[in-house]
Each structure stands twice: as structure tokens, then as C-alpha cells.
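Good morning, and thank you for coming. I shall present one protein structure today, moving from its charged pairs to its overall build.

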Amino acid sequence: MKVLVPVKRVVDANVKVRVKPDNTGVDLSNVKMAVNPFCEIAIEEAVRLKEAGVASEVVAVAVGGAACQEQLRTCLALGADRAVLIETDEPVQPLGVAKALKALQDSEQADIVLFGKQSIDGDNSQTGPMFAALTGLPQATFASEVKPEAGSLEVTREVDGGLQTVSVKLPAVITTDLRLNEPRYASLPNIMKAKRKPMDKTTPAELGVDVGSAVEVLSVERPAERAAGIKVESVEELVDKLKNEAKVIA
């Protein structure tokens with residue numbers, strides 16, 4: 001059984017994001033980049049499936065510029081067997097990524113495609129479901145538990161009302177939620193081994209897809225600064241301010 005794991009290169013979660021002075025986007029100059037945290041969870045789950053004997057091969061794939069090789073090497077160090085870079089310098093939106101991944105899936109024929117539920121930069125949660133729609137594969141999103149069954153997966157999903165358990169037939173698409181697992185750290189020996197693992201490169205043109213976007217980012221702005229809070233001396237003063245200043249109680 002083969003597991004395909006799409007991953008995205010994003011600004012490290014511990015870095016304070018800066019907006020460009022002209023508000024055209026995020027300033028990525030000299031900024032530490034990393035594997036999207038939800039994608040790390042997907043890689044971890046795929047590796048665990050392999051360690052449990054359910055999967056035989058884990059393939060990491062990224063769509064983006066040449067710099068994405070760094071994040072793919074990280075995935076190889078975390079346990080992926082090989083990697084594929086669909087290289088393009090063109091800005092891509094979720095639909096373009098889903099189209100490129102669909103073309104790759106046509107040749108890879110993975111049994112499970114594990115996405116992170118969203119990226120921490122775009123927060124769209126669109127690529128996985130769009131990929132499922134393009135391929136016609138069943139999907140289970142926001143997974144907090146995945147149990148392999150004979151020819152299927154039992155997936156516990158996090159929904160507004162609590163937890164929902166569904167069964168999807170293989171091949172299938174899964175998007176991982178935060179509580180699915182705790183990703184491991186790459187050890188130094190595995191980082192060294194990752195340098196020798198295979199990484200294939202292709203392009204959207206070679207795959208026969210157009211990843212051009214119909215969405216244009218007009219501006220990017222930082223959230224408005226919150227006003228500083230104040231301290232009150234008593235409950236009576238708090239109630240007075242809530243009633244007469246904030247006007248949130250009658």
C-alpha cells in the first residue's frame with residue numbers, strides 16, 4: 001500500500017510574520033521556512049502506518065519553487081521513502097495545487113493520500129477536498145484518529161458537535177487534524193540518510209496541467225492593534241464599566 005503526502009513550505013510557526021511595506025504580501029526575506037505543521041502531522045501518520053505494516057511506501061510531494069527541496073528533505077528525514085517536487089515559480093492557489101497533485105496521482109496510484117487539513121499561511125482548507133473532487137476519491141476531513149480496516153479506513157472526524165466516525169473505502173483522501181498525533185523530531189542519523197533518498201522533479205507542464213490562478217491577492221494587512229486592558233479595583237467598578245462604557249450588559 002502506497003501513501004502519498006502533499007506538503008507545503010510555509011513561514012516557521014515560531015516566526016513573527018511581517019507584511020511588506022507596500023501591502024502586496026508577506027515579507028519572506030531572511031525568514032526561516034518550515035514544513036506546514038499540519039503536513040508534519042500527515043507525514044507522521046503515514047510513517048506510523050508504514051511502521052505498523054499497513055503501508056509499504058511513503059511518498060512526500062510538494063508544489064512550488066526549488067526551495068521546497070529543503071522541506072521535502074525534512075520529510076525524508078522524518079521517515080518518507082522518497083519525494084517528488086512539482087517545480088514551479090508561479091504563485092499557486094489551492095485549485096492549481098490540486099490539479100498538479102491529481103496529475104501525479106494518476107501515475108502514482110497511491111492508496112491513501114494524506115493532507116494536512118490546512119496551511120498556516122492561507123488557512124483555506126481547500127486543497128484536500130478539491131483534490132478529492134478532481135480524482136473522485138472518497139474523503140474524510142479533520143481526522144483525529146485513523147484505523148485501517150480490510151480495504152477501508154475508519155476515521156474519527158472532529159466536527160462542531162463533537163466527534164463523527166466514518167468509514168471510507170480505499171483509495172481515499174484524508175486530511176489530518178491537530179490531535180491526530182504528535183510529530184517526531186528528525187534525528188541526526190536520519191537527516192544524513194535523507195540526503196541519499198531519491199527525490200524526483202517534474203513540472204506542471206510535464207504533467208500536462210495549468211496551475212495558473214484565477215485569484216489575485218489585492219492586499220495583505222496586519223490585524224488592527226488591540227487596545228491595552230485596564231485593571232479595576234472591585235467587582236462594582238467592573239460592572240459599572242461593562243454597563244456604562246463597554247455597554248455589553250444592561
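Let me start with a definition: a salt bridge is a side-chain nitrogen of Lys or Arg within 4 Å of a carboxyl oxygen of Asp or Glu. Side chains of opposite charge can pair when their charged atoms come close.

Two remarks on the source are needed. This is a predicted model, in which local features need pLDDT of at least 70, side-chain atom pairs count only at pLDDT 80 or more, and totals for chains, interfaces and linings use all residues. Residues are numbered from 1 along each chain as its sequence is written, and side-chain values use heavy atoms, with hydrogens and water left out.

How many salt bridges does the rule give? The count comes to 17. One of them joins the side chains of aspartate 12 and lysine 32, at 3.8 Å from N to O. This pair links distant parts of the chain, 20 residues apart, with both aspartate 12 and lysine 32 in the loop between strand E2 (9-11) and strand E3 (33-35). Helices (H or I, at least four residues) and strands (E, at least two) are DSSP runs, numbered from the N terminus.

Are the two partners buried or exposed? Buried means under 20% relative accessible area, exposed over 50%, and partly exposed in between, with a 1.4 Å probe and protein chains only. Aspartate 12 has a relative accessible area of 12%, so it is buried. Lysine 32, in contrast, is exposed, because its relative accessible area is 57%.

A second salt bridge brings together arginine 179 and glutamate 158, at 2.7 Å from N to O. Here too distant parts of the chain are linked: glutamate 158 is in strand E8 (residues 152-159), and arginine 179, 21 residues apart from it, is in the loop between E10 and helix H5 (188-194). Arginine 179 is exposed, since its relative accessible area is 54%. The two side chains also make a polar contact at 2.7 Å. A polar contact is a pair of N or O atoms within 3.5 Å; within protein, one must be able to donate a hydrogen and the other to accept it, and residues adjacent in sequence count only if both atoms are side-chain atoms. Contact in general means heavy atoms within 4.5 Å. Not counting residues up to four places away in sequence, glutamate 158 touches Phe142, Ser144, Leu163, Asp177 and Arg179.

I turn now to the interior. Threonine 176 lies in strand E10 (residues 172-176). Its relative accessibility is 0%, so threonine 176 counts as buried. The side chain of threonine 176 reaches the backbone oxygen of phenylalanine 38 at 3.2 Å. Leaving aside neighbours within four places in sequence, the contacts of threonine 176 include Phe38, Ile41, Ala42 and Leu114.

What span should helix H1 (residues 37-51) have? The expected span of a helix is 1.5 Å times one less than its number of residues. H1 has 15 residues and should therefore span 21 Å, which agrees with its end C-alpha atoms being 21 Å apart. Among the buried residues of H1 are Phe38, Ile41 and Ala42. Just after H1, glycine 53 takes a positive phi of about 85°.

Leucine 104 is found in helix H3 (residues 94-108). With a relative accessible area of 5%, leucine 104 is buried. Leaving aside neighbours within four places in sequence, leucine 104 is in contact with Leu4, Val61, Val84 and Ile86.

Finally, the whole protein. There are seven helices and eleven strands. Of the 250 residues, 39% count as buried. Along its principal axes, the C-alpha trace spans about 65 × 45 × 40 Å. Of the contacts with a separation of 6 or more, 69% are between residues 24 or more positions apart. Thank you for your attention.
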